[in-house]
Amino acid sequence: MGIVRTEEIKRTEIEEFQRMLLSCASVHRRKDEEGLKRGPRAGPGLVEDDEQDKVVCVTSGVSYLGRAIVNRLLLRGYSVRITVDNQEDLEKLREMETTGEMGTGRGRSNFWAVVAKLSDVGRLSDAFEGCRGVFHTCSFADPAGLSGYSKSMAEIEVKATENVMEACARTPSVRSCVLTSSLLACVWRPDDPDNELSCVINPESWSNESVCLDKKLWYALGKLRAEKAAWRIAEERGLKLTTICSALITGPQVCGRNPTPTIAYLKGAPEMYMNGLLATVDALRLADAHVSVYEAMNHQMASGRYICFDRVIDRPDKAAGLASEMGFPMDKICGSSTSGELTPRPRFELSNWKLSALMSRTPRCCFEESNVISDVHRFCR
């Protein structure tokens, strides 16, 4: 969905898929070594089996995306611990449980909440204790979006992510972390008059900090720096990490329930629209992506960064639809000079092939190294 197929993309995808298959082919050879690594991280009284992998924690689980991830985890039989920032969020969680927003039937008894501020590493570590995985979804709280996403909030985003990663590293039971990043951490690059930059935006692409600063794109800057900090700490502390670079999140009442990130994401939307880089993703699909990546991590089949989107806003009618969906004026999407009447001439192309391949393939295709070439042709035909 939303993948523009060019020769450059195909070549990039084949190389990436070869790396994935070769990595997956060595699963069995690494099991003994992985077992040795995991031993010291096992907490007291924890059972070393698949059931323990079903105990996870979701930070800011009452956020728009957090709720979607929690719901998906419950439906797949996970026991979910949710961190909230204060007692008000606990009350909100109780209301959502009553109305069924957090799952139905048996699932309701499989989640519980703890108050743990993202500024308190010790409390976060206590909250993570006993969990195999952590989903870090949100790094700030801004009630009703009153203050907007400022440069200071970008700094809060980075510090909170550092705290979560440090808490994961300190907690013996935690083995994996899935971090929600943003597509904005990939797409903002400097002007390229000599056409030296690749036209393909894929998981290897990173935004430029100077561009974000010059354009005052604080949300992009916060996500970019937070993701880089997470990768640095994961490497230093030996923590298994994947990141999902999400497009603009959509879904029922998203702007009312998720105002600050939505408004902040769309700063610079006209430029992204004209360059073919404005994309969206439904919250439920994004939640499915998080769970799929986490489960693949447990089988040594997922690593690195993933781009997640399901729609590219590349025509005036799509721009008009997004503006209506968000309740924004058209020029917020397309800019005042176009008023949505001009079809963009994209300079860049987005590829979510890596994530789509992970979510569609079965584990057995990765077990034999001899299958690499045939699998590459099968997936790229």
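View 1. Helices here are DSSP runs of H or I with at least four residues, strands are E runs of at least two, and both are numbered from the N terminus. This is a predicted model, where local features need pLDDT of at least 70, side-chain atom pairs count only at pLDDT 80 or more, and totals for chains, interfaces and linings use all residues. Residues are numbered from 1 along each chain as its sequence is written, and side-chain values use heavy atoms, with hydrogens and water left out.

View 2. Ten of the twelve residues of helix 3 are buried, so the rest of the structure largely encloses it. Buried means under 20% relative accessible area (1.4 Å probe, protein chains only). Among the buried ones are Tyr64, Arg67, Asn71 and Leu74.

View 3. Seven strands line up in the order 3-2-1-4-5-7-10, with parallel pairing; strands pair if DSSP finds at least two bridges between them. Strand 3 (111-115) and strand 10 (304-308) sit at the edges with a single partner strand each, so one side of each has no neighbour in the sheet.

**View 4. Strands 1 and 2, with helix 3 alongside.** Strand 1 (residues 55-59) and strand 2 (residues 79-84) run parallel, joined by five bridges. Val58 has Ile82 of strand 2 as its bridge partner. Helix 3 packs on the sheet, touching strands including strand 1 and strand 2, where contact means heavy atoms within 4.5 Å.

Note on methods. Buried means under 20% relative accessible area, exposed over 50%, partly exposed in between (1.4 Å probe, protein chains only). Axes are lines fitted to C-alpha atoms, for helices over the stretch in contact, and angles run from 0 to 180 degrees between N-to-C directions.
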